[in-house]
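Please read the following report alongside the sequence and the three-dimensional model.

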Amino acid sequence: MRTIRSAIVLALVAALLVVQARAAEPVKIGFITSLSGPAGIIGKHMKDSVELALDHLGRKVGGLDTEIIYGDDQRKPDVGKQLADEMLKKHRVNFVSGVIWSNVMLAVAPTVTGAGTIMVGTNAGPHELAGKMCHELYFTTSWQNDQTPEAMGKYMQDQGLTDVYAMAPNYAAGKDMISGFKRYFKGKVVAEVYTKLGQQDYQAEITQLRAANPKVVFVFYPGDMGIQFLKQYAQAGLREQIPLYSVYTVDEISIPAVGDAALGNLETRYWSPDLKNEANARYVGDFKKKFGYTPTFYGAQSYDGIMLIDSAVRAVKGDLSNKKGMVAAMRKADFKSTRGRFTYNHNHHPIQNFYLLRSVKGAGGEIEMQIQKTVFENHKDAYHQDCPMKW
Amino acid sequence: MTGLLVVEQMLNGLQLGVMLFLVAAGLTLVFGIMNLVNLAHGSLYMIGAYFGVAFLAWTGSFAASVALALLATLVVGMLVEVIAVRTLYERDHLDQVLATFGLILFFNELVAIVWGRAALFASVPPALGGFVELLPGLRYPVYRAVIILVGLAVALLLYVVVSRTRIGMLIRAGASNRTMVAALGVNVRLLYTVVFGFGAALAGLGGLMAGPIYTVQPGMGEELLIEVLVVIVIGGIGSIRGALVGAVVVGMVDTLGRAFLKPMLATVVSPTAADSAGPALASMLIYVFMAAVLYFRPQGLFPAVRSR
């Protein structure tokens with residue numbers, strides 16, 4: 001009698017556990033970004049946007065309970081790879097997303113896709129991953145690095161500018177930015193200068209720049225580096241002498257910290273807070289309401305990343321083991337993107353518009369970015385022919 | 001390439017050097033006297049920068065904000081010593097590194113909570129904006145020139161304090177034989193607190209001068225701290241003179257390397273090879289230099305005299 005009773009109890013407990021396990025199986029997303037140190041502000045923009053996306057989805061990605069595991073890569077490729085390993089093995093995540101820096105992405109993406117897990121990049125776009133190293137399980141909601149400087153190169157070429165002094169940090173994306181720029185800019189490039197990633201003081205480079213006396217300067221200095229460069233460029237008195245064109249340098253992160261040292265600057269981008277579409281109005285409006293500051297493209301891409309994952313999980317009705325189905329759904333880009341409707345190229349990089357933006361004094365007296373015109377429509381990246389993937 | 005360009009780059013190197021010196025001086029004093037590895041010294045630099053911005057917004061006067069920020073950083077430094085660091089003197093270096101690394105995380109989060117994670121706006125005071133013509137054809141930003149002057153003045157002041165005053169004598173005595181100084185009736189505990197606070201104020205001075213040209217943001221001290229550690233290793237741990245020489249040398253090597261290494265390489269190897277090797281080599285130049293110094297003089301250029 002006693003054995004029968006305990007057997008029944010055991011069976012009940014076991015059944016209960018199974019039921020619980022099935023009902024509680026959530027979708028797990030690992031989100032890697034830089035949360036500490038000088039680049040931590042970019043990570044904050046991305047994390048806040050992920051949280052907003054979750055709010056908009058009722059905290060349920062694809063209708064499933066959702067768990068997000070944030071990881072801080074400290075702008076270091078080795079730390080990023082460790083985080084990816086931990087997320088895959090310990091947390092058994094269904095997706096890995098995020099990643100700001102191209103050198104970190106080159107360490108993280110192969111780790112994730114190699115383990116058979118889907119990676120949704122939301123910033124870095126190193127050319128390797130768009131070309132030879134493209135992968136069925138790797139998507140990005142941002143861009144390929146070369147694209148944005150290509151748009152700036154095109155604009156500067158159309159303006160008939162020449163004698164350009166180009167500067168960028170010395171890492172994967174810095175090289176991509178300059179080569180993208182030169183793909184469309186055919187005028188003379190006086191010098192290409194690469195500085196240390198995370199460098200604070202550009203005085204030595206600015207002195208060299210002034211001595212070279214170029215007609216135009218083109219730079220790529222994201223995040224904290226942009227703040228320092230813009231300030232020091234203005235302090236050197238060069239703002240009035242040599243026009244400065246940039247990509248990923250004058251943005252909603254650097255503008256509050258540099259003030260008028262960025263007023264009137266031109267940038268190219270695929271997105272802007274003033275881009276007119278329903279999803280963007282909702283994203284920007286709710287973001288400002290919830291967090292009290294203006295979002296950046298880093299945030300918009302991360303918001304899109306969660307929405308893309310949501311569309312994939314919905315398409316397979318929550319069956320997270322159906323990776324083929326999820327990849328097929330993601331290829332459709334069937335979600336309301338903050339940039340408006342876009343399509344994926346066969347290498348899983350977006351085909352999208354690029355705009356020219358200018359920083360202007362807004363109605364409230366604060367400096368903001370405004371779209372001036374469209375430079376490229378439905379622009380493809382330059383590396384997709386190297387990607388063997390077909391669908 | 002003209003002589004003027006080289007002179008200007010040397011000024012840039014000197015400016016970076018004195019900035020490094022302000023932070024290195026406190027760090028090397030604390031290491032030399034208390035035998036404490038303080039990784040959180042960069043945080044005190046950051047605190048100085050934040051105080052500078054906050055007091056400038058509050059008082060509206062640059063001079064007042066400098067005075068208040070220095071005082072406030074001094075107080076923070078002394079509090080840190082009394083609350084956290086004091087317990088670490090008798091521990092070994094690994095414990096000290098772990099604990100002070102914890103302080104870095106604490107301070108980074110603290111400023112992020114108080115002031116937010118976004119970088120703060122800090123501009124050069126109008127009176128120090130603009131340029132000064134040092135030589136015909138050589139215009140240099142006034143603010144950076146002021147940094148050089150302040151740094152050199154602080155170095156001179158430190159030299160006088162350490163070698164010519166009573167407190168300086170105690171500092172030197174405390175460094176070479178702590179037990180003996182205590183036995184002679186000197187309050188070593190208080191002396192340590194004062195020295196630590198003083199070092200913090202120097203780092204704070206560096207931070208508040210750096211605010212307008214760099215970025216005032218959480219974690220701004222760490223990048224600098226690495227270079228500062230290189231400085232004190234090159235200069236000789238515990239030596240103020242070594243810190244000054246080390247800082248200026250590191251500032252010069254780094255700046256001149258960044259400016260001239262690539263064009264110089266291009267004359268030796270092909271321009272494309274110079275393009276790819278130049279920037280990489282320039283950014284590791286100070287570490288190569290440190291390795292060379294360690295090879296020939298493991299104790300640094302000006303080791304402090306100590307007996308334990």
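In this predicted model, Gln74(A) sits in the loop that links strand 3 (64-72) and helix 3 (77-89) of chain A. The phi angle of Gln74(A) is near 50°, a positive value in a residue other than glycine. A second residue of this kind is Lys317(A), which is not a glycine and yet has a positive phi of about 55°. Lys317(A) belongs to the loop between helix 12 and helix 13 (323-331) of chain A.

| Residue | Phi | Other C-beta atoms within 10 Å | Class |
|---|---|---|---|
| Gln74(A) | near 50° | 19 | partly exposed |
| Lys317(A) | about 55° | 10 | exposed |

Helix 12 covers residues 297-315, 19 residues in total, and reaches 27 Å from its first C-alpha to its last, close to the 27 Å expected at 1.5 Å a residue. Because 16 of the 19 residues of helix 12 of chain A are buried, this helix is largely enclosed by the rest of the structure.

Chain A as a whole contains 13 helices and 14 strands. Its C-alpha trace spans about 95 × 45 × 35 Å along the principal axes. Of the 391 residues of chain A, 55% count as buried. Among contacts in chain A with a separation of 6 or more, 73% join residues 24 or more positions apart.

The domain assignment divides chain A into domain 1 (22-143 + 275-341) and domain 2 (147-269 + 356-379). The C-alpha centres of these two domains of chain A are 27 Å apart. Where they touch, 18 residues of domain 1 of chain A are in contact with 14 residues of domain 2 of chain A. On the side of domain 1 that touches domain 2, helix 2 and helix 4 (102-114) of chain A each supply at least two residues. That side of domain 1 has 11 nonpolar, 6 polar and 1 charged residues.

For the complex, the predictor gives an ipTM of 0.82 and a pTM of 0.86.

Chain B has an average pLDDT of 88, and 98% of the residues score at least 70. Among the elements of chain B, helix 3 (residues 62-83) has the highest mean pLDDT (94) and helix 6 (residues 166-176) the lowest (82).

One residue of chain B may be followed in detail. Leu22(B) lies in helix 1 (residues 3-34) of chain B. Leu22(B) counts as buried because 28 C-beta neighbours lie inside 10 Å. Apart from neighbours within four places in sequence, Leu22(B) is in contact with Gly151(B), Val154(B), Leu202(B), Ala203(B), Leu205(B) and Gly206(B). From Leu22(B) to Phe51(B), the separation is 29 residues in sequence and 17 Å in space, C-alpha to C-alpha.

Notes. Residues are numbered from 1 along each chain as its sequence is written. Chains are lettered from A and ligands numbered from 1 in the order in which they are written. This is a predicted model: local features need pLDDT of at least 70, side-chain atom pairs count only at pLDDT 80 or more; totals for chains, interfaces and linings use all residues. Helices (H or I, at least four residues) and strands (E, at least two) are DSSP runs, numbered from the N terminus. The expected span of a helix is 1.5 Å times one less than its number of residues. A residue is buried if 20 or more other C-beta atoms lie within 10 Å of its own, exposed if 12 or fewer, and partly exposed in between; C-beta atoms are placed from the backbone. Domain bounds come from an automatic or database domain assignment. Two residues are in contact if their C-beta atoms, placed from the backbone, lie within 7 Å. Ala, Val, Leu, Ile, Met, Phe, Trp, Tyr, Cys and Pro count as nonpolar, Asp, Glu, Lys and Arg as charged, and the others, Gly among them, as polar. pLDDT is the predictor's confidence in each residue, from 0 to 100.
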